[in-house]
Amino acid sequence: MLEKEKSWLLKEKYNNKPTKKYYKDVERLNSGEPLDYVIGFTEFLNCKIDLSRSPLIPRPETEYWVSQELKNIKSGKVLDIFSGSGCIGIAILKHSQSLLCDFADKDVGAIKQVKINLKINNISSARYKIIKSDVFDGVKSKYDYIFANPPYISTVKKNKIQKSVLKYEPKSALFGGKDGLFYIRKFLKDARNYLNPGGQIFMEFDFIQKRGIELLLKKYSYKIWEFHKDQFSKWRWVSVLN
Ligand SMILES: C[S@@+](CC[C@H](N)C(=O)[O-])C[C@H]1O[C@@H](n2cnc3c(N)ncnc32)[C@H](O)[C@@H]1O
């Protein structure tokens, strides 16, 4: 596995020429740092996503559900909340010129990272706003679509998480309290206030949270929703109609 990562690193970052810096990077790989951080970027739905500020590394499951939902979306105003690297919103902005997308995250590093990624993907500044926000507290507009990938790992499951994830990825992007629902609860409580009539929410979660989320949707008086499975046949996201 490590051999494969080394040859990928050599090809992607060093154009197949092993320099001194390459060997330094190999040491980083040997000590368990994720390949994407060592290379410094990744791909998300054909967009280049810089990871120099060490945001959460975009996951294939997220790429999958975002691509499924984008099949039906061509125009409108979108919010990418819990935006991290900005991978979701940038893929949205690249998907159609008729889409606008704002980004919201609490973390200053993530805000800087979104700026970098918007720039390298040549997105016009007329098409987005970047909002530093604790869930919705800094958000002032209403949207046709809200895409959300909140921190949702239960702190109780900490021991089951891959060591490299725990060591290198930001904890604030991973954990959502004891049941993992801390941010999901906050998000669902307020999300409809930021949706236009007929608007939709798409939210990622951990498969074991399906029942808990169903109860929250009822509690907060949402009427129409659908749960979806990811490419590994696990419950992964919910779409909610306003
Ligand atoms: C699971 S990551 C998602 C990143 C990216 N959207 C993705 O799909 O790869 C969650 C993000 O939520 C942010 N976050 C954590 N607590 C937050 C809060 N209270 N309000 C807003 N964003 C928060 C973290 O900084 C992190 O960037």
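**Chat about the ligand shell, a helix and some loops**

Me: Hi! Which residues come nearest to the ligand?
Reply: Of the 23 residues around the ligand, the nearest are Phe82, Gly84, Lys106, Asp107 and Ala173. A residue is near a molecule if its C-beta atom, placed from the backbone, lies within 6 Å of it. Keep in mind that this is a predicted model, where local features need pLDDT of at least 70, side-chain atom pairs count only at pLDDT 80 or more, and totals for chains, interfaces and linings use all residues. Residues are numbered from 1 along each chain as its sequence is written.

Me: Which elements give two or more residues to that shell?
Reply: Those are α5 (87-95) and α8 (171-174). Helices (H or I, at least four residues) and strands (E, at least two) are DSSP runs, numbered from the N terminus.

Me: And what is the shell around the ligand like by class?
Reply: The shell has 12 nonpolar, seven polar and four charged residues. Ala, Val, Leu, Ile, Met, Phe, Trp, Tyr, Cys and Pro count as nonpolar, Asp, Glu, Lys and Arg as charged, and the others, Gly among them, as polar.

Me: New topic. Is phenylalanine 202 buried or exposed?
Reply: Phenylalanine 202 is buried, because 22 other C-beta atoms lie within 10 Å. The cut-offs are 20 or more for buried, 12 or fewer for exposed, and partly exposed in between, counting other C-beta atoms within 10 Å of the residue's own, all placed from the backbone.

Me: Where is phenylalanine 202, and what does it touch?
Reply: Phenylalanine 202 is found in strand β7 (residues 195-204). Leaving out residues up to four places away in sequence, phenylalanine 202 touches Glu69, Phe147, Ala148, Trp237 and Ser239. Contact means that the C-beta atoms, placed from the backbone, lie within 7 Å.

Me: What does α9 pack against?
Reply: The buried residues of α9 pack against β6 (143-148), β7 and α10 (210-219).

Me: Which residues of α9 are buried?
Reply: In helix α9 (residues 182-191) they are Tyr183, Ile184, Phe187, Leu188 and Ala191. They sit on the same side of α9 because they cover an arc of only 125° around the axis, taken from the directions from the helix axis to the C-beta atoms.

Me: Last one: what is the phi of serine 221, and where is it?
Reply: Serine 221 has a positive phi of about 65° although it is not a glycine, and it lies in the loop between α10 and β8 (224-229). Serine 221 counts as exposed because it has 7 C-beta neighbours inside 10 Å.

Key: Contact = placed C-beta atoms within 7 Å.
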